[in-house]
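Me: I would like to go through some labels given to this structure and see what each one rests on. Please set each value against its cut-off.

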Amino acid sequence: MRFGSKTSMTESSAIREANGGPGHGAANGLKVGRNGWVKNQKHHHKKPSSYAEEKVHHSACNGGLYSRPFYESFEETPMLVAVLTYMGYGILTIFGYLRDFMRQWKIEKCHIAREREEQKDFVPLYQDFENFYTRNLYMRIRDNWNRPICSVPGDKMDLVERVSYDYNWTFGYTGRVVKDVINMGSYNYLGFAENTGSCAEAAAEVTVKYGVGVSSTRQEMGNLDRHEEMEKLVARFLGVESAMAFGMGFATNSMNIPALTGKGCLILSDELNHASLVLGARLSGSTIRVFKHNNMQSLEKLLRDAIVHGQPRTHRPWKKILILVEGIYSMEGSIIRLPEVIALKKKYKAYLYLDEAHSIGALGPSGRGVVEYFGLDPTDVDIMMGTFTKSFGAAGGYIGGKKELIDYLRSHSHSAVYATSMSPPVVEQIITSMKCIMGEDGTTIGRERVQQLAENTVYFRRRLREIGFIIYGNNDSPVVPLMLYLPAKIGAFGREMLKRNIGVVVVGFPATPIIESRARFCVSASHTKEMLDQALNAISEVGDLLQVKYSRHRILPALDRPFDETTYEECED
């Protein structure tokens with residue numbers, strides 16, 4: 001059977017005003033569901049009970065706000081899987097307390113760091129439950145993380161083999177190297193993490209001339225001509241007046257947000273924002289309010305309430321209101337609904353802080369991020385933040401915006417005043433890769449890589465859905481979460497994939513909600529179709545072995561399917 005156009009979110013009043021009238025949701029016969037999501041009531045199911053509920057947003061040329069179709073899907077967790085997941089965590093918790101009891105009575109050997117006897121009357125240095133989770137749950141699957149790599153983490157990599165004889169408390173090395181593991185976990189979106197080519201050669205030349213370290217801050221003796229050239233290039237790449245760079249991506253958020261807001265200010269933060277944004281907001285001393293992920297109704301309600309009621313108790317107007325969002329959310333694979341966020345920001349006179357750590361280089365026809373992806377004006381974003389650690393294969397981060405903003409941050413940001421300058425070879429890697437993306441190196445390699453990444457992303461996501469997995473996020477997002485749910489399958493999936501020479505990242509609680517454990521794939525332009533097919537075959541094989549093909553929407557393979565239509569077949573329960 002064939003479904004028509006996907007469902008659409010209801011529009012906030014700001015978006016309706018921008019479109020010159022009421023939202024098109026009511027005209028399409030859509031019914032508002034929970035959390036502001038709209039569910040299409042026009043689907044014709046032969047067996048409605050055989051389908052899991054799916055949250056989808058698809059806006060096609062929405063009155064000028066969206067210049068392209070926008071499709072995201074978040075299929076609901078099957079009820080049986082959710083129940084089994086909670087039962088799995090419950091059983092692990094029960095056995096964890098049992099083992100703690102045995103450790104306390106010296107029946108089982110205790111490997112963990114413990115308070116000394118003479119300090120037992122002191123307040124403990126850490127929360128007991130956090131350590132409980134680490135010693136009883138995380139330790140069982142710890143072998144899936146921190147694997148030593150002994151090669152360039154490009155499209156393929158070499159891993160040092162290690163074993164554990166005490167249930168992952170300690171590891172030993174066998175001396176064997178696992179060769180040519182397909183890397184499906186690194187953020188190497190454009191394939192610039194390489195030890196050959198123009199970037200590596202330029203970085204080597206700069207290392208000979210400038211050395212590796214600067215041993216000073218930018219404000220003292222660490223301001224090189226390469227730093228200034230890089231910042232001018234970044235500003236030109238982003239289409240903003242000015243930009244400045246920092247040596248660490250995490251600190252770009254955590255140390256600059258406190259310089260922008262303070263007491264008497266309000267921060268509106270997406271509930272799935274990165275830890276660096278959360279930490280920066282907390283360090284600022286501002287009031288923080290959280291809105292539902294990518295939900296414009298929730299954001300507008302907070303904005304309206306902030307304007308109407310002002311600050312608590314005094315009801316004075318907020319000094320400033322700052323909206324914190326990301327371009328691509330690294331755990332969900334979703335893309336921010338930037339046109340609607342900007343419409344709300346303009347209506348309520350708020351400021352917008354956009355974190356493009358994962359979207360810069362990975363989205364847009366020329367790799368300029370989510371702003372270019374939607375065809376928007378960069379000047380509509382007040383603070384444009386991003387990192388060099390992913391698409392550029394380097395390290396550090398940047399902030400771009402008006403010249404007055406950047407001049408202010410140069411003298412008020414802790415990360416700018418106290419941090420050591422970026423390493424010269426890292427700076428050269430950024431300059432060379434960015435010029436390659438912009439085509440200023442005299443080649444078309446950069447544009448070809450951006451296009452190849454887009455093609456690889458669409459192909460990989462489509463094939464996973466055809467196989468029968470539940471995949472989260474936007475069709476154009478190179479971050480691809482594959483849902484595993486049960487805690488026991490987190491470790492099993494990572495181990496089984498490595499047996500088939502595929503390196504993947506598995507993620508569980510507390511990095512995700514407790515019932516939404518997942519494997520996260522990151523697609524790269526350096527992946528060939530043969531590599532992706534090899535990975536897909538291994539994923540399908542492991543999916544059958546672990547029985548994680550949970551999707552009840554099976555997409556039938558088709559070579560020329562319309563962009564906004566998808567063919568489904570029904571699945572028997």
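Me: Why does Phe101 count as partly exposed?

Reply: First the basis: this is a predicted model, in which local features need pLDDT of at least 70, side-chain atom pairs count only at pLDDT 80 or more, and totals for chains, interfaces and linings use all residues. Residues are numbered from 1 along each chain as its sequence is written, and side-chain values use heavy atoms, with hydrogens and water left out. Buried means under 20% relative accessible area, exposed over 50%, and partly exposed in between (1.4 Å probe, protein chains only). Phe101 has 46% relative accessibility, so Phe101 counts as partly exposed.

Me: Why is Trp105 called exposed?

Reply: Trp105 has 57% relative accessibility and therefore counts as exposed.

Me: What makes Phe70 and Phe374 an aromatic pair, and of which kind?

Reply: Rings of Phe, Tyr and Trp (its six-membered ring) pair if their centres lie within 6.5 Å; planes under 30 degrees apart count as stacked, over 60 as edge-to-face and the rest as tilted. By this rule there are 16 aromatic pairs. Phe70 and Phe374 are 5.5 Å apart centre to centre, with 55° between the planes, and form a tilted pair. The two residues lie 304 residues apart: Phe70 is in strand 4 (residues 70–75), and Phe374 is in the loop between helix 11 (370–373) and strand 12 (383–387). Helices (H or I, at least four residues) and strands (E, at least two) are DSSP runs, numbered from the N terminus. Both Phe70 and Phe374 are buried.

Me: Why is the pair of Phe101 and Trp105 called tilted?

Reply: The ring centres of Phe101 and Trp105 are 6.3 Å apart and the planes stand at 55°, so this pair is tilted.

Me: Which residues form one aromatic cluster with Phe70?

Reply: Tyr66, Tyr373 and Phe374 form one aromatic cluster with Phe70.

Me: How do you know that the charged end of Arg449 sits over the ring of Phe192?

Reply: A charge sits over a ring if NZ of Lys or CZ of Arg is within 6 Å of the ring centre and within 35 degrees of the ring normal. The charged end of Arg449 sits over the Phe192 ring, 4.5 Å from its centre. Arg162 likewise lies over the face of Phe171, at 4.1 Å from the ring centre.

Me: What makes strand 7 and strand 9 edge strands?

Reply: Two strands pair if DSSP finds at least two bridges between them. The open sheet has seven strands in the order 7-13-12-11-10-8-9, with mixed pairing. Strand 7 (242–246) and strand 9 (287–291) each pair on one side only.
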